[in-house]
Structures are given as structure tokens and as C-alpha cells.
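Subject: Structure for your review

Dear colleague,

Please find below the structure that I am handing over to you. My notes on it follow.

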Amino acid sequence: MARPVLRTALCDLLGVEYPVISAGMGPVGGGSDPAATAPLVAAVSNAGGLGVIGGAGFTPDELRDEIRRVRAMTTRPFGVDLLLPSNYMGGVDVDRLPADPRDLVPAESRAKLRQIAADLGVEWCEAPLPRAGIPGASSRPGGGMSDEQMETVIEERVPVFASGLGNPGPWIERLHASGTVVLSLVGNVKNARRVADAGADVVVAQGTEAGGHTGRVATLALVPQVIDAVAPRPVVAAGGIADGRGLAAALALGAVGVWCGTAFLVADEANQPDTQKERILAATDEDTRVTKLYSGKTMRNIVNPLVEAWEASGIPAMPMGLQNILTADLIYSVRKAGRDDLLMNAAGQISGLLSRSRPAADILADMVASAVDILTRRLPAAVTASAGA
Ligand SMILES: Cc1cc2nc3c(=O)[nH]c(=O)nc-3n(C[C@H](O)[C@H](O)[C@H](O)COP(=O)(O)O)c2cc1C
């Protein structure tokens, strides 16, 4: 049978068959590798969408290897996503850390975390010295979290770059010069204007229902407001989209495509421990919470008793980077105790819709076929509409 046709301006811009992007998803709680690695990325790109590597968590060299691994698995376009947060490490110079980085965080907060661990029956262990920041961090004072990784993205001339947090503005000229299309995720109109003014080619408007780092405005409210704010720049919708209904709705809002995380997080090819996939598949619509516990920024996760205890504690969260130092001993203790149920398990409110794991190509094909059915048959059959005389 002929393949269904579903094309928008995004397909021409990215060189893909369908306007569906699998989100660049970084490390998850059960392992330190990102969730969106070469097998998922290549599967989505080979199926006609755009697969995106979740580059956060890779060293610059690991990222280069992963990009090359994707290129060995597909000849189609793909992307790399990195987090570019402002206020990384609260401005602390990562080259001049105290001998024990724990000295950077309040002792009182650490004592409260220790009490939380005790209340949850987790024996407290000191982690080997917490890693200051993450692998792509700049060695330049005041540099960003992903400066070194960005050099890899530019050198490798990847087809698409997506910034998950922050503003890709400082990099855009060099990215464009190496032929890279730039996407930028935002959670409100103010940031949409900022990244559009900086020259991002596509704005990805991500609603609060999304898994992972997320803002406060819901997708249905956010997308049209972002479209109006950045017109004529194309806008992709994200947050809570996992099937053809979500895809068709996003197109009806005026988006040129969708960026889906949770839907592909349970794909066979996603680099996510089975126990974590199972918790997403078992979750209902109400089983996620937004918490700063795991990164210092608001992140939507499957709820667990540690998240609830953190939220009830009133411990002030620290800037990204420092929060990982604050919680290093706690998370290390949780892992050592084998309490994987307390680890980060980022996922969106759409988890309640998902009930089985399957190949990414099937998820994509169903999404497209159902959206085509809605747009060509179900809507015209269910809705009588006429512009009038
Ligand atoms: C496990 C997980 C990890 C994520 N990691 C990243 C990341 O590293 N960079 C990023 O831009 N977005 C990240 N996100 C957010 C996704 O890019 C995407 O915007 C979100 O999942 C869309 O909402 P949905 O989950 O409802 O589809 C992550 C999401 C999840 C669920």
C-alpha cells in the first residue's frame, strides 16, 4: 500500500517525510546515558520523522561518537539536542571549586536531605566526590553548561540542532554557517520572542504537560500565542502529544509539526531501563509531578515518595549544577540501596495514554495514519462547517 501523505512546511525545511520529531531526551535516573541515543534517533529518521539525540550527559567526544553512530545507521536528517541553561552553577567558576564541592551548598539543606533518606529507609552514604557539573561544561570562567559539546555539534555539521533550555543565540551564526537548522524549545511567549529575535529557525512551544524540564503554560494555550508572537517563523508544538489526535490538533492550532518525548520514551529503541518504561506505561494521567529535586529546574516526573518528601520539605532548590551537588549523596544512597523507584523518571501527563512498548517506527506510523484519517475523514464526517455566503 502507498504510504500516507502528511506534509507541512517543516518537512521541506528539515528534509523529512513527516512533520514528527522525537525529542532529544537526556539522561534518565536509571542510567547515566541519555534516553534518546542512536538506535531511537535512527529508527525515527528511517521511518520518515526526525530523530534527535539527547546530547546532555555526553562528553564532547562521546557526542561525536554518537553522531557518527547515527550516521552509520541512517542517511536521513537527524538532530542533536543540548541544554543551554543560563545561571549554570549559579555563576560559580567550575575550575575553582573548593576541595569538597559540598561546601558550595547549605549544610542545613544537606541535613534535611539526610533526614528524608532516613524517613524513607535509605541508608546515608557519602558519594565519591560529586562531579562538578556535567561533561560538556565550559572550562572558561562564566562559561555555559554545554560550551564544549556545542563545538562538537558545529564541527560535525549536524543537520539540525535543538536547544532544550536557554538561548542558542550566541551559536546561531556558526550553526547556520555549517548548514545546521536551529530549533529552540520555549515554555512561554517571552522566551519565544527572545529565541526568534536571536535567529532560531523554528520555535518549539512546549506546554507544561510535557515530560522533563517544563514551564507553567499548557500546550493548548501556549501554541497559538507563540505562533502569533513569532509569525511568520514556524512553530512546532510539544507537550502531551502522543498520537494522531494530538498531531492533528497541533496542526489545527497552526503548528507545522510536533515534538514528542514521552511517546518515544517507551519505544523499544529508547535507552531507558525497563522498570522505568513500565512505570510510565502503568501511570495514569495524574501520576506526574513537577519538581526541582533532580536538576534545580522545574521538571515533570512520575511521582514517587522522594519527590513528595522533597516538595513537603521546603528545602530551597539551587541553580542547575549546584542542585546536583546538593543531592549527590542522597541520589548515591538511593542507588546503593537499590531504590530505583526513587530515581528521576521524567515523563509527561500523556503517560496515562500509553499502554505498551513497541518499535518507534510503529509509533510514528500510527500517529501519522491516525492524523491523516482525522483530517481527511473523521473531522469532515463529524463536523459540518461552512464559511457561509
Ligand atoms: C526522560 C526525558 C528526558 C528529557 N530530556 C531532555 C533534554 O535533555 N533536552 C530537552 O530539550 N528536552 C528534554 N526533555 C523534554 C523533551 O524534549 C520534550 O520537550 C517533552 O518530552 C515533550 O513533552 P511530552 O513528553 O509530553 O511529549 C526530556 C523529556 C523526558 C521525558
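Helices here are DSSP runs of type H or I with at least four residues, and they are numbered from the N terminus. Please bear in mind that this is a predicted model. The chain averages a pLDDT of 93, and 95% of the residues score at least 70. Confidence is lowest in strand S3 (residues 31-34), where the mean is 73, and highest in strand S10 (residues 235-238), at 99. Where pLDDT is low, the predicted coordinates should not be read in detail.

Salt bridges

The structure holds 19 salt bridges. One of them joins Arg377 to Asp373, with the closest N and O atoms 2.8 Å apart. Both residues belong to helix H15 (residues 360-382), and because they are four residues apart there, about one helical turn separates them. Asp373 is partly exposed, at a relative accessible area of 22%. Elsewhere, salt bridges with shared partners connect Arg64, Arg68, Arg71, Glu155 and Glu156 in one network.

Helix H4 (residues 107-119) contains both Lys112 and Glu108, which are four residues apart, about one turn of the helix. The side chains of these two residues form a salt bridge at 3.9 Å, N to O. Glu108 is exposed, with a relative accessible area of 57%, whereas Lys112 is partly exposed, at 35%.

A further salt bridge, at 2.8 Å from N to O, is formed by the side chains of Glu151 and Arg174. This pair links distant parts of the chain, since Glu151 lies in helix H5 (residues 147-155) and Arg174 in helix H6 (residues 169-177), 23 residues apart. Glu151 is partly exposed at 27% relative accessibility, and Arg174 is also partly exposed, with a relative accessible area of 39%.

A buried arginine

Arg300 is found in strand S13 (residues 299-302). The side chain of Arg300 does reach the backbone oxygen of Thr208, at 2.9 Å.

The strand that holds Arg300 is part of an open sheet of three strands, ordered S9-S13-S12 with antiparallel pairing. Strand S9 (212-213) and strand S12 (288-291) are the edge strands, each pairing on one side only. S12 and S13 run antiparallel and are joined by four bridges. Arg289 stands opposite Asn301 in S13.

Strand S8 and its partners

Strand S8 (residues 202-206) is mostly covered, with five of its five residues buried. Val202, Val204 and Gln206 point one way from S8, while Val203 and Ala205 point the other way. Strand S7 (residues 181-186) pairs with S8 in the parallel sense over four bridges, and Val186 stands opposite Ala205 in S8.

Val204 has Val236 as its bridge partner in S10. S10 is also the strand in which confidence is highest.

Yours sincerely

Technical notes
Residues are numbered from 1 along each chain as its sequence is written. This is a predicted model: local features need pLDDT of at least 70, side-chain atom pairs count only at pLDDT 80 or more; totals for chains, interfaces and linings use all residues. Side-chain values use heavy atoms; hydrogens and water are left out. Helices (H or I, at least four residues) and strands (E, at least two) are DSSP runs, numbered from the N terminus. A polar contact is a pair of N or O atoms within 3.5 Å; within protein, one must be able to donate a hydrogen and the other to accept it, and residues adjacent in sequence count only if both atoms are side-chain atoms. A salt bridge is a side-chain nitrogen of Lys or Arg within 4 Å of a carboxyl oxygen of Asp or Glu. Buried means under 20% relative accessible area, exposed over 50%, partly exposed in between (1.4 Å probe, protein chains only). Two strands pair if DSSP finds at least two bridges between them. pLDDT is the predictor's confidence in each residue, from 0 to 100.
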